[in-house]
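Please read them with the structure open.

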Amino acid sequence: EAIDQNGHPERFPALALAWDCLRGPAGSCVVLNASNEIAVAAFLDKQIRFDQISLIIQESLAHIQAGCVDSIEDLIELDQKTRSIATDLITRKLTH
């Protein structure tokens, strides 16, 4: 099924998150990408369900201030912080 202008949010919940990140602060896309990579790896390792990928992304975006990104060092730090938080979120999901 093609994705039209409605975006099918019930079927592709991460798509709306991606559009929000594109309109958001400079580091938002870094947070989205890093948390997605961690969540997808956890899914492939059978640690979380497929439908939890977008939840990990959403919760990571809610936990991290992605505002001021002035250098590559800031981006790397934001990426590392996001990966740590996403990993913690997955660990908490596994213990609940």
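1. **Burial.** This is a predicted model. The protein chain has 96 residues, and 31% of them count as buried. Its accessible surface comes to about 6300 Å². Carbon and sulfur atoms account for 56% of that area.

2. **Fold elements.** The protein chain holds four helices and zero strands. Read from the N terminus, the order is α-α-α-α. How far apart in sequence are the residues that touch? Take the contacts between residues at least 6 apart in sequence: 61% of them join residues at least 24 apart. Several of the pairs below span such separations, including Arg83 with Glu37, 46 residues apart.

3. **Helix α3, buried side.** Helix α3 covers residues 53–63. Its buried residues are Ile53, Ser54, Ile56, Ile57 and Ser60. These residues sit on the same side of α3, because they cover an arc of only 160 degrees around the axis.

4. Is Thr82 buried or exposed? Thr82 counts as buried, because its relative accessibility is 0%, and the cut-off for buried is under 20%. The residue belongs to helix α4. Setting aside neighbours within four places in sequence, Thr82 touches Val31, Ala34, Ser35 and Ile64.

5. **Thr87 in helix α4.** Thr87 is also found in helix α4, which runs over residues 72–95. Here the relative accessible area is 37%, so Thr87 is partly exposed. Its C-alpha atom is separated from that of Ser35 by 8.3 Å. Along the chain, Thr87 and Ser35 are 52 residues apart. Ser35 is also one of the contacts of Thr82.

6. How many salt bridges does a search of the whole structure find? The search gives five. One of the bridges joins the side chains of Arg83 and Glu37, at 2.5 Å from N to O. Arg83 is in helix α4 and Glu37 in helix α2, so this pair links distant parts of the chain, 46 residues apart. Both partners are partly exposed: Arg83 has a relative accessible area of 24%, and Glu37 has 39%. The pair also belongs to a network of salt bridges that links Glu37, Asp79 and Arg83.

7. The side chains of Lys93 and Glu59 meet at 3.1 Å, N to O. Lys93 lies in helix α4 and Glu59 in helix α3, so the bridge ties together parts that are 34 residues apart in sequence. Lys93 counts as partly exposed at 26% relative accessibility. Glu59 counts as partly exposed too, at 27%.

8. **Salt bridge of Asp51 and Arg49.** Asp51 and Arg49 form a salt bridge through their side chains, at 2.9 Å from N to O. Asp51 is partly exposed, with a relative accessible area of 42%.

9. **Aromatic pair.** The count comes to one aromatic pair. What is its geometry? A pair of aromatic rings is described by the distance of the centres and the angle of the planes. For Phe43 and Phe50, the centres are 5.5 Å apart and the planes are at 70 degrees. The pair is classed as edge-to-face, because the angle is over 60 degrees.

10. Phe43 is in helix α2, which spans residues 28–44. Phe43 counts as partly exposed, at 31% relative accessibility. Phe50 is exposed, with a relative accessible area of 59%. Together with Leu44, Phe43 and Phe50 make a nonpolar surface patch of about 340 Å². Patch residues need over 30% relative accessible area, so Phe43 passes that cut-off at 31%.

Key:
Residues are numbered from 1 along each chain as its sequence is written. This is a predicted model: local features need pLDDT of at least 70, side-chain atom pairs count only at pLDDT 80 or more; totals for chains, interfaces and linings use all residues. Side-chain values use heavy atoms; hydrogens and water are left out. Buried means under 20% relative accessible area, exposed over 50%, partly exposed in between (1.4 Å probe, protein chains only). Helices (H or I, at least four residues) and strands (E, at least two) are DSSP runs, numbered from the N terminus. The arc is that of the directions from the helix axis to the C-beta atoms. Rings of Phe, Tyr and Trp (its six-membered ring) pair if their centres lie within 6.5 Å; planes under 30 degrees apart count as stacked, over 60 as edge-to-face and the rest as tilted. Patches are made of residues with over 30% relative accessible area and no salt bridge: like charges are joined within 9 Å, nonpolar side chains (Val, Leu, Ile, Met, Phe, Trp, Tyr) within 5 Å. Accessible areas come from the Shrake-Rupley method with a 1.4 Å probe; for residues, only the protein chains shown count as cover. A salt bridge is a side-chain nitrogen of Lys or Arg within 4 Å of a carboxyl oxygen of Asp or Glu. Contact means heavy atoms within 4.5 Å.
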